Each structure stands twice: as structure tokens, then as C-alpha cells.
Amino acid sequence: MEDKTSQFKIILGSSSLPRRKILTEMGYEFTLMSADIDEKGIRKEKPEELVMALAEAKADAILQRLPVSDYVKEAEPTLLITSDQVVVYEGVIREKPANEEEAHQFIKGYSGGHAATVGSVLVTNLKTGFRKGEWDRVEIHFHEIPDEVIEKLIEEGNVLHVARGLLIEHPLIKPYIKQVVGTIDSVMGLPKAPTEKLIKEAV
């Protein structure tokens, strides 16, 4: 696969494995930095506003740790990509479940129903100061999910670390996905089309 980053460098501001996988699939090489921010300290009523505000806060936190003046002098621009995601279920914004009990409650609620993921991507050019973001929404419809499947998912522990308390790409969950209206990459945390578009605009 060709490396598309010969004219610029990328920093992915995330420790998320799915986001790393998606950006690699897109043909980019990158370095990693994660933002240590208090996500609960940032509140917005609309999910689209919240995920954009969180992506901005992550970018700002990472910029504080970088020698930005050095990036301005470099011939090649460096792009910082940050993102965030929440789930909207019955009009309520959901982030990572606080514990196993809440994770069980979340997944049980999705069973036979539907939820939406709202995700953001923000690209900042460290050389020019250009910054632009977009958000993306995907609707996910579920068949009934048996209790034993929910228990197995929670035992594994991964569901506690994702916004929706649910990994739709997980082999245990896949058979219970009825319909996805939107793209799987967006559900996994980094929508490819907006990311590609913003990278092109930022360079």
C-alpha cells in the first residue's frame, strides 16, 4: 500500500486501536499521542456539539505538550487528527459505561431496538494553524440480544472502554446487528470520508 504521507506528517491524537487500524487502512503513516483530558468536565446538550468540543479539547491538550514553534519552521506540515464519539439512545447521550452493571443496562436497552453513534474528526495543521472538523452520525438497529451474549461481552471487559458500551464489530454481537445506516468505520470511531476530506483541505 502506498504511503500517502510523503508530503506531510500525521499525529493521531488517540490511543484507540480501531482508529489506528482505520487510519492505517486509509494508507497513512502516523505517530501517536493521546490527550489526557477530563471528558466529563465538558458538557453540551447536543451530541454533535459535544463530540466536536471534545475533539477540540483533545487537540488543545496535545498542542500544549508540543513545541509548536518548531512545527511552524518545518518545510513539511504536520497534521494533528483528534476525534471523539458518543452514543445517542432514546435521545440521551451515552459515553463509556461507568461499571459492569451500567454496561449490562446499556446493551440490554439496545436489544431489539436501535441507537446512533455520533462521532467527530478534527484536523489541525501545526505549521499553518488551519483547523477544521466535521461530525458524522450512524443509526444501528439490533435484533434481540440474548442475556448470555451480554454476560460474555461484559466478562471480556472491552465494553467498558468504548463509548457505546458495545463493539458492533465484535463476533458475539455481529449476528444481532439488523441494519447499519451509515459506515462501519464511523461506528468504530473514525469516519474515513470526512477524515480524508479534512486532510486534503488542511494540507
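1. Serine 120. This residue sits in strand 5. The model is a predicted one, and in it serine 120 is buried, with a relative accessible area of 0%. Its side chain reaches the backbone oxygen of valine 51 at 2.7 Å. Leaving aside residues up to four places away in sequence, serine 120 touches Val51, Met52, Ala55, Thr82, Ser83, Asp84, Glu134 and Trp135.

2. Strand 5 with strand 6. Strand 5 spans residues 114-125 and strand 6 spans 131-142. The two run antiparallel and are joined by 11 bridges. Valine 123 stands opposite lysine 132 of strand 6. The hairpin has five residues between the strands. There, glycine 129 takes a positive phi near 90 degrees.

3. Strand 6 with strand 7. Strand 7 covers residues 177-181 and pairs with strand 6 over four bridges, again in the antiparallel sense. Histidine 141 faces glutamine 179 of strand 7 as its opposite residue.

4. Helix 4, buried side. Helix 4 runs over residues 100-110. Its buried residues are Ala103, Phe106, Ile107, Gly109 and Tyr110. Why do they fall on the same side of helix 4? They cover an arc of only 155 degrees around the axis, which puts them there. Their cover includes strand 3 (78-89), strand 4 (92-94), strand 5, strand 6 and helix 5 (147-156).

5. Helix 4, other side and ends. Glu101 and Gln105 are exposed on the other side of the helix. Asparagine 99 caps the N-terminal end. A side-chain oxygen of asparagine 99 lies 3.3 Å from the backbone nitrogen of glutamate 101. Just after the helix, glycine 112 takes a positive phi of about 75 degrees.

6. Nonpolar cores. The largest nonpolar core has 19 residues. Those with the most contacts inside it are Tyr110, Ile140, Phe142, Ile145, Ile168, Ile173 and Ile177. Strand 3, helix 4, strand 6 and helix 5 each supply at least two residues of this core. In soluble globular proteins, nonpolar side chains tend to be buried together.

7. Helix 7. This helix spans residues 192-202. Pro194, Thr195, Glu196, Leu198, Ile199 and Ala202 are its buried residues. They pack against strand 1 (9-12), helix 1 (17-25), strand 3, strand 5 and strand 6.

8. Helix 1 to helix 7. The salt-bridge count comes to 12. In one of these, the side chains of glutamate 25 and lysine 192 meet at 3.1 Å, N to O. Glutamate 25 lies in helix 1 and lysine 192 in helix 7, so the pair ties together parts that are 167 residues apart in sequence. Glutamate 25 is partly exposed, at 40% relative accessibility. Lysine 192 is partly exposed too, with a relative accessible area of 28%.

9. Helix 2 to strand 6. Which residue does glutamate 56 meet in a salt bridge? The partner is arginine 131, at 2.9 Å, N to O. Glutamate 56 lies in helix 2 (residues 47-64) and arginine 131 in strand 6, so this pair links parts that are 75 residues apart in sequence. Glutamate 56 is partly exposed, with a relative accessible area of 31%. Arginine 131 is partly exposed at 27%.

10. Other charged groups. Glutamate 139 and arginine 137 form a salt bridge through their side chains (3.2 Å, N to O). Glutamate 139 has a relative accessible area of 23%, and is partly exposed. Arginine 137 is partly exposed at 35% relative accessibility. A network of salt bridges links Lys132, Glu134, Lys197 and Glu201. Side chains of opposite charge can pair when their charged atoms come close.

Note on methods. Residues numbered from 1 in each chain as written. Predicted model: local features only at pLDDT ≥ 70, side-chain atom pairs only at ≥ 80, totals over all residues. Heavy atoms only, no water. Buried < 20%, exposed > 50% of the residue type's maximum accessible area, 1.4 Å probe, protein only. Arc of directions from axis to C-beta. Contact = heavy atoms within 4.5 Å. Polar contact = N/O pair within 3.5 Å; in protein donor to acceptor, adjacent residues only side chain to side chain. Core = buried A, V, L, I, M, F, W, Y, C linked by side-chain atoms within 4.5 Å. Pairing = 2+ DSSP bridges. Salt bridge = Lys/Arg side-chain N within 4 Å of Asp/Glu carboxyl O.
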